[in-house]
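Please look through the structure below.

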Amino acid sequence: MTTLLLGPLHRYADDRRATVWVETDEPCTVEIRALNGPRAATPTFTVAGHHVALVVVSGLVGGTTYPYEVWLTPLEPAPAGPTPEPGTGTGTEPETPAGAVQVWPEPGSSQPPSLLRPVGAGRPVRLVFGSCRVTAPQARPYTLSPGEDPQGLGTDALHALALRMAETPPRTWPDALLLLGDQVYADHVSPATAARIRARRDVTVPPGEEIADFTEYAWLYQEAWSQPEIRWLLSTIPTAMVADDHDVRDDWNISAAWRAQIRTQPWWDTRITSGIMAYWLYQFLGNLDPEARDADPVFAAVTAPDGPADGESLVRDLARRVDRMPDLGSLAAGPARAGAPPATAESSPAPDWSQPPAPPRWSYRWDLGRTRLVVIDSRLSRIVAPDGTRAMVHDAEWAWIRAQTAQTGEVDHLLLGTSVPYLLTPTIHHVETVSERLASGRFGRLVARQAERMRQAVDLEHWAAFGRSFGQMTDLLHAVAAGEHGPAPASVIVLSGDVHHAYLARATTARDSAPVWQAVCSPFRNPLGPGVRRVDAMSRRGLPAGVSGLLARLVGVRDMAVTWSIPHGPWFDSQLATLILDGRAASMVLEKTEPDGEPGGLDEVLRVSLTARPGEGRPEDA
């Protein structure tokens with residue numbers, strides 16, 4: 001019998017459509033039945049032996065919730081027999097194909113119904129966001145802090161959210177979930193996955209107990225998304241995702257020197273192509289609206305009626321082309337600065353300039369009522385080229401991002417999601433700008449090598465470490481807030497994760513501009529140790545900020561075109577943030593898991609308006 005291996009995942013949704021992603025154990029037709037509305041069906045497609053379908057249910061009404069079922073029909077005709085009855089029908093069931101079987105909700109499930117939830121009808125929008133979730137059992141010792149047990153990872157904030165949702169009415173649930181990177185950790189696997197790897201291959205040779213290939217990547221996603229409460233959560237909240245480094249490996253694409261070194265490892269080619277393939281299949285496709293997804297040439301080829309039985313070669317070729325993109329600096333991100341020497345090792349392989357790949361666009365847009373969310377890929381689209389060019393996003397993709405911020409009055413709030421923060425503490429910001437300057441080679445190869453070691457040792461890879469891109473982002477935010485891309489929205493908010501703590505920074509803008517914020521929330525589950533917390537605390541003091549700023553000026557870093565403060569934070573441990581967007585008002589709530597090692601429980605630590613003028617309202621800051 002055909003079975004459901006993973007999902008359903010509620011992915012892209014607007015005010016009239018919803019996309020559901022599923023993986024099955026064999027080719028079949030997947031049908032989504034909204035019990036009080038329409039239904040839709042589509043056949044699976046296959047990549048590396050994995051059978052996936054993305055089913056778009058149209059004709060929905062914004063603001064309405066639709067309980068739904070998942071039915072699977074084998075491609076081979078089934079023997080004649082009685083027609084199966086739907087599990088939770090309304091009495092007016094559509095015709096059921098021969099051999100079809102209901103696979104969701106699962107028999108005997110105690111979870112509430114999964115819902116399709118188009119956004120609209122003028123309701124407030126609640127968007128939950130955060131990043132960094134290591135997979136492990138939802139029980140002790142894994143729910144303890146690292147200080148209490150070496151295996152401790154803290155309690156899982158997404159698991160706590162699912163438990164709370166199961167006990168509250170749907171009208172109180174989040175309308176969307178934004179996962180800002182490190183949905184899986186290919187370089188930090190759970191004990192269960194490590195055991196599977198040891199049973200499959202020799203872990204005494206690299207990459208050891210890290211993920212090696214596509215098969216093992218599939219294990220990661222199956223484990224991360226199949227825990228019962230998490231599986232139900234993802235089945236009922238429209239969920240957007242974007243990659244960050246641990247989806248492949250720590251510091252992925254931090255610099256040209258890093259790329260040159262990692263390419264010397266014989267296992268790397270399989271790892272990187274498998275990681276990009278898995279991201280495309282499990283995360284990326286579900287982000288796209290139906291029109292953008294159908295226009296994707298690889299998706300179109302893999303799902304064509306006369307297409308390949310297995311699209312592995314097509315998707316693997318895409319992954320190889322994407323892995324070449326960061327090297328193509330002068331073609332993809334504009335010419336290198338005049339006189340800048342290469343910022344990479346002499347052994348760096350020269351890119352094939354004769355056949356530059358067309359740059360795929362990994363960034364995407366969701367419209368949530370009158371809120372626009374533009375998610376910026378800052379990992380696969382990076383340029384860290386041997387010619388010295390560095391850009392967080394290549395020029396073709398950045399042009400598309402800028403175009404999405406233009407509007408004619410239909411946007412009350414503009415959200416820009418990017419996995420790594422745009423605004424850091426001033427001290428860390430200056431350190432990153434100095435690191436980029438020194439590692440460029442302007443002060444000699446010895447200085448460049450030492451700066452590169454520091455860059456990789458302490459993860460200096462945020463927007464500040466990509467000076468050209470930091471300037472582009474600053475210019476864009478100022479233009480949008482000032483009304484140069486259309487009527488100024490009520491708020492402009494950059495959403496990020498990555499840094500394993502939460503804070504809220506406010507940029508200084510003109511008096512009549514929309515407020516510009518950087519909101520950071522991380523981790524869902526992977527807390528920092530006390531040493532790094534002490535470093536963060538020191539970086540917030542005035543003296544280190546002044547000294548690092550002076551050093552930046554001495555090495556020739558240009559003055560920043562933006563100033564900012566961090567009035568709220570930091571908070572550590574497992575946590576999640578919620579934006580509440582109601583008309584022209586916006587506020588943010590931050591909640592942390594209870595530090596008792598028991599699953600469940602979220603404590604509010606911050607509730608603050610993001611649209612009140614200074615002095616118009618007092619934030620509640622616990």
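Q: Which residues lie nearest the centre of the second largest pocket, and what makes a residue part of its lining?
A: In this predicted model, Val-458, Asp-459, Val-499, Leu-528 and Val-532 lie nearest the centre of that pocket. A lining residue must have an atom within 4 Å of a point of the pocket, and 29 residues line this one. Helix H12 and helix H15 (530-539) are the elements that give two or more residues to the lining. The largest share, four residues, comes from H15. The volume of the second largest pocket is about 730 Å³.

Q: How do the residues of this lining divide by class?
A: The lining of the second largest pocket has 12 nonpolar, eight polar and nine charged residues. Val-458 is among the residues nearest the centre, and Val counts as nonpolar. Asp-459 is also among them, and Asp counts as charged.

Q: Which residues line the largest cavity, and how do they divide by class?
A: The lining is formed by Ser-131, Cys-132, Arg-133, Leu-158, Leu-179, Gly-181, Asp-182, Gln-183, Trp-225, Ile-230, Leu-234 and Phe-524. Seven of these residues are nonpolar, three polar and two charged.

Q: What is stated about the phi of Cys-132, and where does this residue lie?
A: Cys-132 has a positive phi of about 70° although it is not a glycine. This residue lies in the loop between strand E10 (125-130) and helix H1 (157-165). Cys-132 is also one of the residues that line the largest cavity.

Q: How do you know that H12 and H13 are in contact?
A: Contact requires heavy atoms within 4.5 Å. On the side of H12 (residues 426-439), the contact is made by Ser-435, Glu-436, Leu-438 and Ala-439. On the side of H13 (residues 445-457), Val-447, Ala-448, Ala-451, Glu-452, Met-454 and Arg-455 take part. The residues of this contact divide into six nonpolar, one polar and three charged. The axes of the two helices come within 7 Å and cross at roughly 145°, and the crossing is left-handed.

Q: Why are E13 and E21 said to stand at the edges of their sheet?
A: The open sheet has seven strands in the order E13-E14-E17-E18-E20-E19-E21, with mixed pairing. Strand E13 (364-368) and strand E21 (564-571) each have a single partner strand, so one side of each is left without a neighbour in the sheet. The twist of the sheet averages 15° from one strand to the next.

Q: How do you know that E19 and E20 are paired?
A: Two strands pair if there are at least two bridges between them. Arg-506 stands opposite Trp-517 in E20.

How values were computed:
Residues numbered from 1 in each chain as written. Predicted model: local features only at pLDDT ≥ 70, side-chain atom pairs only at ≥ 80, totals over all residues. Heavy atoms only, no water. Axes fitted to C-alpha atoms, helices over the stretch in contact; angles between N-to-C directions. Left-handed = near helix turned anticlockwise from the far one by under 90°. 1 Å grid on protein atoms, 1.4 Å probe; cavity = no way out; pocket = protein on both sides within 12 Å on 5 of 7 lines; lining within 4 Å. Points joined across faces, edges and corners; volume = space filled by probe spheres on them.
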